[in-house]
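Here is a report on one protein chain. Keep the sequence and the 3D view open as you read.

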Amino acid sequence: MAQHQSRQFWTKKTLVVFIVVLFIQSFVYNFSQLKNYFHMENSLASTLEWGDYVDDGDTKADVKLHLEGMEERLKRADDTMLETLEDAHSKIAVLEGKIKGHLKDEDQKSMQIHAMERRVESLLTTMAEHGKATNTADTNTHTAAACPNTFRNSEQWLNSPRISNINEEGMTHELVQSTILHVSPLDSTDGSKNILNQSMCVDGSKLLSWEEDLESTIGVFEEGEGEGGSKLSPQEEEEIISYLTYRLMYIAVHEHQHGPARQEALARYNPDPVCKTSTTEELETNYNVGKFDYECPDTKFIVSVVSDIGFGASLRVGVMDPFLLGLASNRTVLFLNTISKDIIDLGSFNRPLKLASCERQDMQCVFMPLSPCVITEEEMSRAPILEGDALKNFRNTGVLGPEHVNERVLIVEPILGGHKALPFGLEDAMVDKIQSLYKETDGGKDLKRLFPPVWDLSDNVLEKVYNFIRKKGKQKWIFHHLINLYFTRPNLKSRSEIDSLVQKALPADFDAKSAIGLPIRGSDKCRRESECLTFDQYMEVVKEFGARRSAITKDESGSVHNKIILTTESKNILESRHGYTAKNGDFPYEFIVNEEDVGQGSGNPNAFTRGSYTADDVMISSMVSLKLQLHANSLLLNTCSNFHVLIGAMQDAGCGLASYRETMKDNVNPEFRLKCGWDH
């Protein structure tokens with residue numbers, strides 16, 4: 001009954017507003033003009049059947065999606081609808097009760113109501129500025145005029161074989177909305193949080209925590225002040241700015257990769273029968289278009305491939321250069337493996353990825369698609385390879401030659417011979433992307449966003465972010481950490497498995513302040529790339545490290561270290577803990593481990609198929625290890641391992657809970673200082 005009444009509320013009340021408007025027009029326009037409005041009434045009446053989908057179980061995201069569609073319809077109305085502003089406000093007052101039922105946070109209720117009010121005011125003002133509807137007797141001409149901004153996929157894209165994204169069952173209406181439609185920090189309280197929460201970051205980490213009242217703390221420190229904790233020192237300010245920078249850069253990268261699909265998503269999830277747009281279900285049924293497949297016709301691409309080396313090395317080296325080139329040149333970045341030789345005969349693209357084992361055998365077996373935009377096989381077959389002097393010049397100047405500049409798709413093969421310098425113009429490109437999150441322009445005229453700022457930032461704070469991005473000596477690692485962070489977003493299935501295993505491993509009363517993180521790379525790493533210790537030696541290191549850290553944390557928070565988060569690819573190391581505790585009864589630490597780790601015994605993907613596990617199983621275990629280590633307060637890392645460097649990068653970006661980390665190279669005991677193979 002409540003659901004039925006809710007549907008009636010949305011349908012009847014909203015129709016009343018538009019019917020009143022239509023009658024007002026009848027006193028102003030002649031008969032031929034009135035025909036256009038009756039035609040629009042039919043369109044609105046048919047589209048306002050959203051009431052069939054809106055009920056008391058809907059979320060804020062659902063309500064806002066319906067408003068997005070209503071906005072598109074309202075924009076087609078005439079400037080004389082300004083006369084209904086007073087009536088619209090009265091309707092908003094009636095809607096207040098409904099909206100409150102959708103929102104959980106009391107602070108957000110008044111914000112969303114105010115947002116609706118501003119939306120109506122802005123839409124009506126925009127209608128007055130953009131003129132009147134076209135008057136024509138021809139129905140087809142009228143439909144085209146009424147739908148000038150409606151997205152339609154091209155027949156070529158719909159009917160061509162596409163290199164599609166993974167089509168997960170859990171890719172729901174709400175997930176698409178939060179992933180594509182509502183990204184900016186100014187759009188909603190949930191949009192940016194949903195995007196940030198797709199990362200591997202743990203609850204309570206700096207990256208996921210928006211600071212409040214930044215303006216009152218940032219930039220107010222003066223030399224000689226700061227006593228009493230009321231003002232920040234330059235060091236404290238830089239720490240806050242660094243985490244804010246990573247947060248905004250992460251959101252900006254997401255916008256770069258997903259923004260091109262926004263208008264397309266609006267058309268799919270707000271179908272218009274007059275404008276003949278298609279729903280996701282219709283596209284899937286008629287053209288086999290996946291839930292997360294979008295044409296993005298105005299977008300250009302850089303396409304590369306994930307290399308078949310260890311995951312840490314591939315991510316830190318192979319993935320980095322193509323991704324950063326795409327960000328610098330405003331080209332969406334795709335990584336495609338397992339492309340048929342019939343499409344393009346290029347060895348690195350034709351081989352299944354050994355780090356993956358699902359049917360598609362690429363990174364989407366475990367991680368989310370980097371973008372909803374997909375290209376056709378034909379576009380891939382025609383794509384030129386950017387290499388040699390052309391690639392070098394592009395990286396050094398940001399300028400493509402005339403033979404490449406207009407190409408929709410460019411292929412850039414990964415470079416595994418070490419880190420390249422950052423592409424020219426990358427820092428400025430990132431600043432521009434962040435600025436676009438806080439400011440939209442149309443023909444040089446600023447347009448205010450329709451929602452009130454939730455995480456608004458002043459020009460003063462934003463300028464400090466921009467300066468941090470451009471700061472000499474920091475840029476390279478800032479961007480490398482950023483790509484590590486963004487690339488490792490687990491897909492829906494993997495996230496469920498990872499979170500479940502992490503929850504099983506952590507005690508119910510787990511306190512991060514009590515934990516030392518000890519990831520150990522053994523097995524193949526010890527043969528050439530790194531010196532290694534015995535398990536007993538590692539425990540000696542932990543006891544000394546834990547005593548030093550506990551003396552500090554006890555003063556700071558009253559906590560002492562009494563737990564070790566132990567992760568490794570070696571079954572022998574995991575099993576050694578049992579024998580060690582048995583013979584060392586006074587050992588003051590409890591081990592936290594993933595009991596279901598596959599223990600593949602190697603970081604080399606060629607070895608991932610030698611046991612009773614799959615490559616996907618190995619990747620899940622690796623991601624569980626990563627997320628467990630992000631829960632530790634104090635970290636001991638072996639920087640000879642790319643995977644350990646990845647853990648450190650995540651911590652630097654504010655993704656974990658560590659307040660301190662130390663490398664084995666710098667151990668206070670010379671006996672336990674590990675050297676890498678390249679140090680000898």
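The sections below go from the whole chain to its sheets, a helix, some loop residues and a cavity.

## The model and the chain

This is a predicted model, in which local features need pLDDT of at least 70, side-chain atom pairs count only at pLDDT 80 or more, and totals for chains, interfaces and linings use all residues. Residues are numbered from 1 along each chain as its sequence is written, and side-chain values use heavy atoms, with hydrogens and water left out.

The chain has 26 helices and 10 strands. Both are DSSP runs, numbered from the N terminus: helices are H or I with at least four residues, strands are E with at least two. Of the 680 residues in the chain, 54% are buried. Buried means under 20% relative accessible area, exposed means over 50%, and partly exposed lies in between, with a 1.4 Å probe and protein chains only. Take the contacts with a separation of 6 or more: residues 24 or more positions apart account for 81% of them. A contact means heavy atoms within 4.5 Å.

Strands of a sheet pair through backbone hydrogen bonds, either parallel or antiparallel. Here, 5 strands form an open sheet in the order 8-7-6-9-10, with parallel pairing. Two strands count as paired if DSSP finds at least two bridges between them. Strand 8 (590-592) and strand 10 (660-663) are the edge strands, and each pairs on one side only. From one strand to the next, the twist averages 25°. Angles run from 0 to 180 degrees between N-to-C directions, and axes are lines fitted to C-alpha atoms, for helices over the stretch in contact.

Strand 7 (residues 563-568) pairs with strand 8 over 3 bridges, in the parallel sense. There, I565 has I592 of strand 8 as its bridge partner. Two helices pack on this sheet. Helix 23 (residues 535-557) touches strand 6 (515-520), strand 7, strand 8, strand 9 (634-637) and strand 10. Its direction makes about 150° with that of strand 6. Helix 26 (residues 642-652) touches strand 6, strand 9 and strand 10, and its direction makes about 150° with that of strand 9.

Another open sheet has 3 strands in the order 2-1-3, with parallel pairing. Strand 2 (332-335) and strand 3 (409-411) each have a single partner strand, so one side of each is left without a neighbour in the sheet. The twist averages 25° from one strand to the next.

Strand 1 (residues 301-304) is joined to strand 2 by 4 bridges and to strand 3 by 3 bridges. F301 stands opposite T332 in strand 2, and its bridge partner in strand 3 is V409. In a regular strand the side chains alternate between the two faces of the sheet. In strand 2, T332 and L334 point one way, V333 and F335 point the other way, and all are buried.

## A buried helix

How many of the 8 residues of helix 13 (residues 311-318) are buried? The count is 8 of the 8, so helix 13 is largely enclosed by the rest of the structure. Among them are F311, L315, R316 and V317. The buried residues of helix 13 pack against helix 14 (320-329), helix 20 (475-487), helix 25 (615-629) and helix 26.

## Loop residues

The loop between helix 12 (280-287) and strand 1 holds N288. C296 lies in the loop between helix 12 and strand 1 too. N288 has a positive phi of about 60° although it is not a glycine. Phi of C296 is also positive, near 50°. Are they buried or exposed? N288 is exposed, with a relative accessible area of 60%, whereas C296 is buried, at 1%.

N330 sits in the loop between helix 14 and strand 2. N330 counts as exposed, at 57% relative accessibility. Leaving aside its neighbours within four places in sequence, N330 is in contact with H256 and K433.

## A cavity

A search of the whole structure finds 8 cavities of 30 Å³ or more. A cavity is a set of points on a 1 Å grid over the protein atoms alone, where a 1.4 Å probe fits but cannot get out; lining residues have an atom within 4 Å of a point. Grid points are joined across faces, edges and corners, and a volume is the space filled by probe spheres set on the points.

The second largest cavity has a volume of about 190 Å³. Its lining has 20 residues, of which N165, F335, Q364, P369 and L370 lie nearest its centre. By class, 13 are nonpolar, 5 polar and 2 charged. Ala, Val, Leu, Ile, Met, Phe, Trp, Tyr, Cys and Pro count as nonpolar, Asp, Glu, Lys and Arg as charged, and the others, Gly among them, as polar.

Conventions:
On a 1 Å grid over the protein atoms alone, a cavity is a set of points where a 1.4 Å probe fits but cannot get out, and a pocket is an open set with protein on both sides within 12 Å along at least five of seven lines; lining residues have an atom within 4 Å of a point.
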